[in-house]
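I opened my notebook to go through one structure, entry by entry. Have a look at it first, and then follow along with my notes.

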Amino acid sequence: QVQLVESGGGLVQPEGSLRLSCAASGIIFSISAMRWYRQAPGKQRELVAQITSGGYTNYVDSVKGRFTISRDNSNNTVYLQMNSLKPEDTAVYYCNADVRPAAWRSLRAYWGQGTQVTVSS
């Protein structure tokens, strides 16, 4: 079994910063792409940022230049550094990862439980 556990959410003022972390644990042979999604009240879940196993990244336009995704492959952890936060960034942020539990097993997507980020003065 694989678990993804997020941390680092909270309440921050506009223009502030937060750093989210997501650690994968369990039976893991390898992890391919890791991603951060978010879902605001009344809205669909959207992909915020993605990083491949080789370190290639991409972002939704609304966070480019403000958010940075990174990963520590030795610890199966992905991070999201969020700077210059805006009220519209308020959402529950979810970690997602494509995990191969064993060499002969196919990739499977796993989700974290979500962490609340609230940007408000």
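**Entry 1: strand β4 and its partners**

I began with β4 and β5, which pair in the antiparallel sense over five bridges. Strands here are DSSP runs marked E of at least two residues, numbered from the N terminus, and two strands pair if DSSP finds at least two bridges between them. A note on the source: this is a predicted model, where local features need pLDDT of at least 70, side-chain atom pairs count only at pLDDT 80 or more, and totals for chains, interfaces and linings use all residues. Residues are numbered from 1 along each chain as its sequence is written, and side-chain values use heavy atoms, with hydrogens and water left out.

Within this pairing, I found Trp36 with Ala49 of β5 as its bridge partner. The hairpin of β4 and β5 has six residues between the strands, and Gly42 takes a positive phi near 80° there.

Then I looked at β9. It runs antiparallel to β4, and eight bridges join them. Gln39 stands opposite Val92 in β9.

Is β4 mostly covered or mostly open? I noted that seven of its ten residues are buried, so I wrote "mostly covered" by definition. Buried means under 20% relative accessible area, exposed means over 50%, and partly exposed lies in between, with a 1.4 Å probe and protein chains only.

**Entry 2: Arg38**

Next I picked Arg38, in strand β4 (residues 30-39). Arg38 counts as buried because its relative accessible area is 7%.

Which side chains make polar contacts with the side chain of Arg38? I found Glu46 at 2.7 Å and Asp89 at 3.0 Å. A polar contact is a pair of N or O atoms within 3.5 Å; within protein, one must be able to donate a hydrogen and the other to accept it, and residues adjacent in sequence count only if both atoms are side-chain atoms.

Leaving out residues up to four places away in sequence, Arg38 also touches others, among them Val48, Phe67 and Tyr93. Contact means heavy atoms within 4.5 Å.

**Entry 3: the aromatic pair**

I searched the whole structure for aromatic pairs and found one. Tyr37 and Trp111 form this pair, 4.9 Å centre to centre with 50° between the planes, and it is tilted. Rings of Phe, Tyr and Trp (its six-membered ring) pair if their centres lie within 6.5 Å; planes under 30 degrees apart count as stacked, over 60 as edge-to-face and the rest as tilted.

Tyr37 lies in β4 and Trp111 in strand β10 (residues 108-111), so the pair ties together parts that are 74 residues apart in sequence. Tyr37 is buried at 19% relative accessible area, whereas Trp111 is partly exposed at 38%.

**Entry 4: Asn96**

My next stop was Asn96, in strand β9. Asn96 counts as buried, at 3% relative accessibility. The side chains of Asn96 and Arg35 are joined by a polar contact of 2.6 Å. The Asn96 side chain also reaches the backbone oxygen of Tyr110 at 3.4 Å. Among the residues that Asn96 touches, beyond four places in sequence, are Leu4, Tyr37 and Trp111.

**Entry 5: the disulfide**

How many disulfides does the structure hold? I counted one, formed by Cys22 and Cys95 with their sulfur atoms 2.1 Å apart. The cut-off for a disulfide is a pair of cysteine sulfur atoms within 2.5 Å. The pair links distant parts of the chain, with Cys22 in strand β3 and Cys95 in strand β9, 73 residues apart. Both cysteines, Cys22 and Cys95, are buried. The torsion about their S-S bond is about -80°, so the disulfide is left-handed.

**Entry 6: the core**

Last, I turned to the largest nonpolar core, which has 29 residues. Such a core is a set of buried Ala, Val, Leu, Ile, Met, Phe, Trp, Tyr and Cys residues joined through side-chain atoms within 4.5 Å. Trp36, Phe67, Val78, Leu80, Met82 and Tyr93 have the most contacts inside it. The largest share of this core, five residues, comes from β9. I also checked Met82: beyond its neighbours within four places in sequence, its contacts include Leu18, Leu20, Phe67 and Tyr93.

Key: Helix = DSSP H or I, 4+ residues; strand = E, 2+ residues; numbered from the N terminus.
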